Amino acid sequence: MRIDVLTLFPEMFSGYVGQSLLKRAIDAGIVDVRLHNIRDWAQGKHRQVDDRPFGGGPGMVLRPEPVVESVEAVRAQAGEAGHLVLLTPQGRKLDQRIVEELAEKPGLILLCGRYEGVDQRAIDILQPDEISIGDYILGGGEVAAMVLVDAVVRLVPGVLGDEESNRQDSFSGDPPLLEFAQYTRPREYRGRTVPEVLMSGNHPEIARWREEQKMQRTRERRSDLLGDDPAERRSDV
Ligand SMILES: C[S@@+](CC[C@H](N)C(=O)[O-])C[C@H]1O[C@@H](n2cnc3c(N)ncnc32)[C@H](O)[C@@H]1O
């Protein structure tokens with residue numbers, strides 16, 4: 001999978017791209033991450049990428065020309081592998097279903113906003129898939145892009161090594177349940193022991209226990225995943 005990132009702060013990605021799962025996927029040639037500085041497409045002596053909002057108000061807005069032209073240039077390089085995503089708090093909210101959908105794409109172009117956001121005309125021209133990582137405001141799209149890359153890359157075949165671990169993760173099934181509790185050595189820690197069934201070697205029993213755990217945890221912690229309406233629950237209190 002090819003991933004192009006358009007940002008004003010490409011250096012923010014260097015630590016992340018050089019570590020752990022993503023680094024292994026890059027080294028193995030499974031994922032190809034390319035960073036582009038939007039400022040390289042800015043015009044004029046000062047290469048200004050932002051300006052004051054028309055109509056007044058605080059902050060600055062990303063000008064349309066460097067945004068549109070940088071995306072067009074990267075799209076031309078990426079060809080088919082160029083599903084364009086704009087990270088924005090106003091997009092559809094990222095969840096595991098969307099992550100699965102994006103992991104099917106041959107490639108992604110991730111556009112990171114800054115300041116008060118991107119001039120609306122750039123969005124209208126480029127027609128990106130607008131994605132939010134949650135109902136809160138970040139200083140820029142870079143951390144959101146890293147969240148998205150992190151979640152998508154682990155679903156790309158060959159990245160995790162053990163694809164089974166994807167299938168049992170929280171939110172992965174239908175309905176999307178939370179995962180069961182996990183334990184490792186030692187068998188006892190500060191007086192707390194591992195559930196007996198996990199030590200039994202009885203695999204059908206272990207599978208049953210885990211399925212029960214998933215349902216119980218989901219009911220207790222995230223009944224909305226089972227179709228429960230949290231607003232209704234609040235009004236019951
Ligand atoms: C300070 S925010 C701009 C927020 C904008 N003024 C608004 O109220 O919708 C700057 C940039 O951070 C990124 N960003 C902020 N919150 C985000 C979120 N929850 N999900 C994805 N990107 C986000 C976007 O790229 C956005 O353009």
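Biologist: Which residue of β2 is the bridge partner of V5?
Modeller: L35 takes that place in β2. This is a predicted model, in which local features need pLDDT of at least 70 and side-chain atom pairs count only at pLDDT 80 or more, while totals for chains, interfaces and linings use all residues. Residues are numbered from 1 along each chain as its sequence is written.

Biologist: What makes β1 and β2 a pair?
Modeller: Two strands pair if DSSP finds at least two bridges between them, strands being DSSP runs of E with at least two residues and helices runs of H or I with at least four, numbered from the N terminus. Strand β1 (residues 2–7) and strand β2 (residues 32–37) are joined by six bridges in the parallel sense, so they pair. With β6 (residues 107–112), β1 has five bridges, also parallel; there I3 has L108 as its bridge partner.

Biologist: Why are β2 and β7 said to stand at the edges?
Modeller: The open sheet has five strands in the order β2-β1-β6-β5-β7, with parallel pairing. Each of β2 and β7 (129–132) has a single partner strand, so one side of each lacks a neighbour in the sheet.

Biologist: Why is β1 called largely enclosed?
Modeller: A residue is buried if 20 or more other C-beta atoms, placed from the backbone, lie within 10 Å of its own, exposed if 12 or fewer, and partly exposed in between. Five of the six residues of β1 are buried, so the rest of the structure largely encloses this strand.

Biologist: Which residues of the largest nonpolar core touch the most other members?
Modeller: A nonpolar core is a set of buried Ala, Val, Leu, Ile, Met, Phe, Trp, Tyr and Cys residues joined through C-beta atoms within 7 Å. Of its 41 residues, L87, L110, L111 and A145 touch the most other members. Helix α6 (residues 141–153) supplies the largest share, seven residues.

Biologist: With which residues is L111 in contact, its neighbours within four places in sequence left aside?
Modeller: They are L6, V71, L84, V85, L86, L87 and P128; contact requires C-beta atoms, placed from the backbone, within 7 Å.

Biologist: Which residues come nearest to the ligand?
Modeller: P89, G113, L138, G141 and A144 come nearest, out of the 19 residues around the ligand, where a residue counts as near if its C-beta atom, placed from the backbone, lies within 6 Å. The elements that give two or more residues to this shell are β5 (83–93) and α6, and the largest share, four residues, comes from β5.

Terms used
Contact = placed C-beta atoms within 7 Å.
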